[in-house]
Amino acid sequence: MIVRRAALIGVVGLLVAIAGGCSWTNGALSDPASSGASTTPTPRVAPSPVRATPTYRTQEEIYLLRNKIYSAGQVPAVACSLPDIAVRSQKAVQQYSTAVLDCLQRAWKPLVVRAGVKFVPAVTYAVNQGSKTACGIFRKEDYVYYCRANSGIYLDWDQLVEDEGTGPVAAQITIQYLMAHEFGHHVQRLVRISQYFDDRWDRTTGATRLEQMRRQELQASCFASAFLGANQASLNLYDDRLNAYRRAAHRGDDGQPDGVRDHGSRASNTSWTDDAFAAKSPAVCNTWAAPAEWVS
Ligand SMILES: [Zn+2]
């Protein structure tokens with residue numbers, strides 16, 4: 001399946017970052033730096049305004065490499081109870097993703113708070129092509145994305161409903177994984193990782209820029225798997241459901257038709273998500289401190 005990023009990042013006026021999301025289609029991942037990839041450099045204000053204000057580069061290290069989310073502990077098991085419904089309609093995708101989101105918010109809230117940040121809930125919308133979102137019109141090539149403007153996770157319900165090819169288990173697990181990944185972007189935004197990723201994006205080009213993007217995307221997937229591992233029991237991620245989860249989590253951008261390497265190889269995705277699923281913690285998700293070969 002593909003992760004196709006809508007407008008990569010938009011910063012409008014007062015640091016209102018617009019979108020950064022993903023969409024999935026068959027098999028590979030992509031996140032092209034498409035159209036709205038321009039951002040406006042914005043002056044940053046250090047949290048401690050008195051003396052010895054850290055330099056900007058130090059700030060970046062604090063938020064990317066030494067973010068408090070890494071030491072916020074394990075993601076708790078939150079007794080996640082999902083509806084046992086057939087995912088065959090917009091209503092069903094909305095209902096199922098809303099239930100997954102409820103689990104994600106309850107699980108991540110204490111960690112975000114321990115990272116010293118106010119928790120703001122996300123919202124999810126089952127939409128399709130042509131729908132109006134807070135990040136513009138949902139396009140044909142969009143599949144799923146996180147929109148920073150309203151903390152919205154938008155899912156293309158048309159492409160997520162089960163059919164003979166996917167079957168009921170894969171349809172449910174795909175939504176679980178997509179929601180967990182996009183919520184990973186929400187956590188990144190809350191703890192200001194996204195802000196510093198944006199800056200790296202702005203000041204890099206080519207292969208270096210793609211590497212930053214892989215760090216960001218692999219981390220969102222790592223956060224996703226930390227949540228899913230912590231909630232394996234109540235989500236019943238065993239047997240065929242566990243296999244479906246692995247198929248979702250282990251995808252890579254290796255065989256992408258356009259050759260854009262922006263979400264990490266199958267090997268990288270497997271490594272980060274397996275570690276996080278076992279550790280149940282964002283402690284193992286510091287993709288920013290990892291050597292380049294780990295985020296290939
Ligand atoms: Zn993503």
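**Figure 1. Contact between helices α6 and α8 in the predicted model.** Leu-218, Ser-221, Cys-222, Ser-225, Ala-226, Leu-228 and Gly-229 of α6 are in contact with Ser-268, Asn-269, Trp-272, Thr-273, Ala-276, Phe-277, Ala-278 and Ala-279 of α8. By class, this contact of α6 with α8 comprises 9 nonpolar and 6 polar residues and no charged ones. The axes of α6 and α8 lie 7 Å apart and form an angle of about 35°. The crossing of the two helices, α6 and α8, is right-handed. The structure shown here and in the following views is a predicted model.

**Figure 2. Overview of the protein chain.** The chain contains 8 helices and 8 strands. Of its 296 residues, 47% are buried. Among contacts in the chain with a separation of 6 or more, 73% are between residues 24 or more positions apart.

**Figure 3. Contact between helices α2 and α4.** Helix α2, residues 90-114, packs with α4 at an angle of about 40°, and the two axes are 9 Å apart. At that angle, α2 is therefore oblique to α4. The crossing of α2 and α4 is right-handed. From α2, the residues that take part are Val-93, Tyr-96, Ser-97, Val-100, Leu-101, Leu-104, Trp-108 and Val-112. Their counterparts in α4 are Gln-172, Ile-175, Gln-176, Met-179, Ala-180, Phe-183, Val-187 and Leu-190. The contact of α2 with α4 has 13 nonpolar residues, 3 polar residues and no charged residues.

**Figure 4. Glu-182 in helix α4.** Glu-182 belongs to helix α4. With 28 other C-beta atoms within 10 Å, Glu-182 counts as buried, because the cut-off for a buried residue is 20 or more. Tyr-145 is 37 residues away from Glu-182 in sequence, yet their C-alpha atoms are 6.7 Å apart in space.

**Figure 5. Crossing of helices α1 and α5.** Helix α1, residues 56-65, and helix α5, residues 193-203, cross at roughly 125°, and their axes come within 9 Å. This angle makes α1 oblique to α5. The crossing in which α1 passes α5 is left-handed. On α1, the contact is made by Glu-60, Tyr-63 and Leu-64, and on α5 by Ile-193, Tyr-196 and Asp-199. Divided by class, the residues of the contact of α1 with α5 are 4 nonpolar and 2 charged, with no polar residues.

**Figure 6. Buried and exposed residues of helix α7.** In helix α7, residues 239-249, the buried residues are Ala-244, Tyr-245, Ala-248 and Ala-249. These residues lie on the same side of α7 because they cover an arc of only 130° around the axis. Asp-239 and Asp-240, on the other side of α7, are exposed.

**Figure 7. Asp-239, a residue with positive phi in helix α7.** Asp-239 is located in helix α7. Its phi is positive, at about 50°, although Asp-239 is not a glycine. Most residues other than glycine have a negative phi. Asp-239 has 9 C-beta neighbours inside 10 Å and therefore counts as exposed, the cut-off being 12 or fewer.

**Figure 8. Ser-151 in the loop between β7 and β8.** Ser-151 is placed in the loop that lies between β7 (144-147) and β8 (152-156). Ser-151 is not a glycine, but has a positive phi of about 50°. It counts as partly exposed because it has 18 C-beta neighbours inside 10 Å.

**Figure 9. Asp-253 in the loop between α7 and α8.** Asp-253 is found in the loop between α7 and α8. Because 25 other C-beta atoms lie within 10 Å, Asp-253 is buried. Along the chain, Asp-253 and Gly-264 are 11 residues apart, and 5.7 Å separates their C-alpha atoms.

Notes:
Residues are numbered from 1 along each chain as its sequence is written. This is a predicted model: local features need pLDDT of at least 70, side-chain atom pairs count only at pLDDT 80 or more; totals for chains, interfaces and linings use all residues. Helices (H or I, at least four residues) and strands (E, at least two) are DSSP runs, numbered from the N terminus. The arc is that of the directions from the helix axis to the C-beta atoms. Two residues are in contact if their C-beta atoms, placed from the backbone, lie within 7 Å. Axes are lines fitted to C-alpha atoms, for helices over the stretch in contact, and angles run from 0 to 180 degrees between N-to-C directions. Angles under 35 degrees count as roughly parallel, over 145 as roughly antiparallel, 65 to 115 as roughly perpendicular and the rest as oblique. A crossing is left-handed if the near helix is turned anticlockwise from the far one by less than a right angle, and right-handed if clockwise. Ala, Val, Leu, Ile, Met, Phe, Trp, Tyr, Cys and Pro count as nonpolar, Asp, Glu, Lys and Arg as charged, and the others, Gly among them, as polar.
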